[in-house]
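Please work through the following exercises with the sequence and the structure side by side, and try each task before you read its solution.

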Amino acid sequence: MSWIKATLSFINARRHPDEIIREVETELRFHIEMRTRANIDAGMKPDEARTAAVQSFGDFERVKNTCCELRRGLPFDSMLLKMGLHITIAVVAGLGALWAVNVPHHTFTGVMRQLIAIGVLGYLFIVVRRAKSRVALGGPGEAFRADQSLTSDMTGASAAKITAYDEQGSTPVERVFKSE
Amino acid sequence: MSKSKAGLLQGTLDMLILKALSLGALHGYGIGQRIAQISGDTLRVEEGSLYPGLYRLERRGWIESECDVSDNNQRAKFYKLTRSGRKQLIVEEQNWERLADATMKAMRVV
């Protein structure tokens with residue numbers, strides 16, 4: 001039931017955004033640390049090894065932000081599941097409205113119910129708007145489009161670069177061969 | 001220096017990551033190393049691509065992560081394939097083989 005874990009992870013990411021940033025940073029720094037060690041093993045001095053590892057990594061902040069955005073995004077891409085989510089929210093909103101309206105307005109309980117219902121509906125509205133903006137093109141997928149690439153070095157004399165695009169599948173992967 | 005461009009199947013990186021993880025759980029750095037290793041040092045995944053790719057695959061439920069201790073006794077995030085990830089890898093491999101076959105057929109035409 002990996003989708004349940006993914007959903008729980010999504011909810012957790014919404015509740016503790018700082019934790020997500022720390023988690024991503026730790027992971028990326030671990031990578032740089034490993035690369036530094038490999039460079040040292042390959043004969044570099046520690047300072048050089050560290051500098052080379054950082055340079056090899058590229059734009060740390062950009063990668064970090066892209067990962068954080070992906071981590072905070074909805075845990076699924078399927079249009080059907082998105083529709084299911086919208087329908088569920090609509091049903092919850094409808095039931096909430098009935099629950100709030102179906103009580104004498106002048107009583108303290110009635111007013112409290114209405115306030116709670118307004119709060120819950122407002123929260124759902126904000127969550128859906130934010131989630132939709134992240135899933136839509138121009139969100140993390142856009143940053144990913146620019147980032148994703150593979151390099152291939154077959155003989156030292158030639159290099160190939162493969163650039164992949166966003167998760168929507170709207171653009172192709174591109175390979176650029178360079179030969180000297 | 002000359003340059004030529006050719007289109008490739010979308011999702012090549014996804015397939016490589018899934019393939020690397022099909023051989024066992026790994027942290028991000030290890031995945032990059034394994035892809036280099038299994039491709040005979042032909043392919044190197046750039047870090048700027050690898051991590052967003054991992055987070056995207058995790059979001060899709062094809063891989064999952066958990067913290068564990070690495071070889072050098074540091075805590076690290078390890079990724080492993082999920083059941084749906086294993087199924088997806090089979091689909092990706094089949095798609096890739098079809099594309100490669102079709103491309104080869106097209107290239108052999110005189």
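## Exercises on a predicted model

**Exercise 1.** Describe the open sheet of chain B, beginning with the order of its strands.

*Solution.* The sheet consists of three strands in the order 2-5-4, and their pairing is antiparallel. Strand 2 (26-27) and strand 4 of chain B stand at the edges, and each has a single partner strand, so one side of each lacks a neighbour in the sheet. Helix 1 of chain B packs on this sheet and touches strand 2, strand 4 and strand 5 of chain B, while its direction makes about 100° with that of strand 5.

Now turn to one pair of strands. Strand 4 (residues 63-69) and strand 5 (residues 75-81) of chain B run antiparallel and are joined by seven bridges. Within this pair, B:Ile63 stands opposite B:Leu81, and B:Glu64 has B:Lys80 as its bridge partner.

**Exercise 2.** Which residues of chain B take a positive phi near 60°?

*Solution.* Begin with the hairpin of strands 4 and 5 of chain B, which has five residues between the strands and in which B:Asn73 takes a positive phi near 60°. Another case is B:Asp41, whose phi is also positive and near 60°, although the residue is not a glycine. Most residues other than glycine have a negative phi. B:Asp41 sits in the loop between helix 2 (28-38) and strand 3 (43-45) of chain B, and because its relative accessibility is 58%, it counts as exposed.

**Exercise 3.** Where in chain A is the mean pLDDT of an element lowest, and where is it highest?

*Solution.* Start from the chain as a whole, which averages a pLDDT of 70, with 62% of the residues scoring at least 70. Among the elements of chain A, strand 3 (residues 173-179) has the lowest mean, 35, whereas helix 3 (residues 46-57) has the highest, 93. Over residues 136-180 of chain A the pLDDT is below 50, and this stretch has 123 contacts in the model beyond near neighbours in sequence. Where pLDDT is low, the predicted coordinates should not be read in detail.

How values were computed: Residues are numbered from 1 along each chain as its sequence is written. Chains are lettered from A and ligands numbered from 1 in the order in which they are written. This is a predicted model: local features need pLDDT of at least 70, side-chain atom pairs count only at pLDDT 80 or more; totals for chains, interfaces and linings use all residues. Side-chain values use heavy atoms; hydrogens and water are left out. Two strands pair if DSSP finds at least two bridges between them. Helices (H or I, at least four residues) and strands (E, at least two) are DSSP runs, numbered from the N terminus. pLDDT is the predictor's confidence in each residue, from 0 to 100. Contact means heavy atoms within 4.5 Å. Buried means under 20% relative accessible area, exposed over 50%, partly exposed in between (1.4 Å probe, protein chains only). Axes are lines fitted to C-alpha atoms, for helices over the stretch in contact, and angles run from 0 to 180 degrees between N-to-C directions.
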